[in-house]
Amino acid sequence: MRFFGTTWVGHDNGYALRRAGAALGSLALAVASCFVLRFAYEGLEIAEVGGWVNLLVVVMFAICSAIAFRRTWEGYSRRPDPSTEASLRSLKGIGFIGVLLAYFFRSLAEAPGEKLRRGEYESAVTQYERRRGTRTGNPAARKKKPKSK
């Protein structure tokens, strides 16, 4: 996980500070992005392209941001389909404010993607322990179970 390394496993080595920094950073980027979009909108007004184009630009960014927020938020709880993610990459690029806000809100509760990765990590550890437990020791030295009648 970006910015967290393996500290999410045990929440050590400045995990809380890094999580707070990631949350504040994503919020600051979202605010800065809103200012950039405002300047772009003012550029459209200066160019006098008309109210219809201005409305289309605002609606496009709003819809793309909402979809990007939802897809990013869902991606923190389950693995997304790679082909679907590839097809939505441009939409997430346009709706980058939604992605940044999803990252911010998820950072308030946990490192983004931590729950998903923790589940995968714990299942991998369980599988490893199960495999390792059956292989330990000398098989010939194991006691045989008495046969039941």
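Predicted model: local features only at pLDDT ≥ 70, side-chain atom pairs only at ≥ 80, totals over all residues.

Me: How do you know that the end-to-end distance of helix H2 agrees with its number of residues?
Reply: H2 covers residues 15-47, which is 33 residues. Just after H2, Glu48 adopts a positive phi of about 50°.

Me: Which residues in H2 are buried?
Reply: They are Tyr15, Arg19, Ala22, Ala23, Ser26, Ala30 and Ser33; the label requires under 20% relative accessible area.

Me: What makes up the lining of the second largest pocket, by class?
Reply: The lining has 9 nonpolar residues, 1 polar residue and no charged residues. Among the lining residues are Leu37, Tyr41, Phe61, Ser65 and Ile97. H2 and helix H3 (51-75) are the elements that give two or more residues to this lining, and H3 provides the largest share, 5 residues. The volume of the pocket is about 180 Å³.

Me: Why is Gly75 called partly exposed?
Reply: Gly75, which belongs to helix H3, has a relative accessibility of 22%. Buried means under 20% and exposed means over 50%, so at 22% Gly75 counts as partly exposed.

Me: What is Gly75 in contact with, leaving aside its neighbours within four places in sequence?
Reply: Gly75 is in contact with Pro80 and Leu116, contact being heavy atoms within 4.5 Å. Gly113 is 38 residues from Gly75 in sequence, with 7.6 Å between their C-alpha atoms.

Methods: Residues numbered from 1 in each chain as written. Heavy atoms only, no water. Helix = DSSP H or I, 4+ residues; strand = E, 2+ residues; numbered from the N terminus. Expected span 1.5 Å × (residues − 1). Buried < 20%, exposed > 50% of the residue type's maximum accessible area, 1.4 Å probe, protein only. 1 Å grid on protein atoms, 1.4 Å probe; cavity = no way out; pocket = protein on both sides within 12 Å on 5 of 7 lines; lining within 4 Å. Points joined across faces, edges and corners; volume = space filled by probe spheres on them. Nonpolar A, V, L, I, M, F, W, Y, C, P; charged D, E, K, R; others polar.
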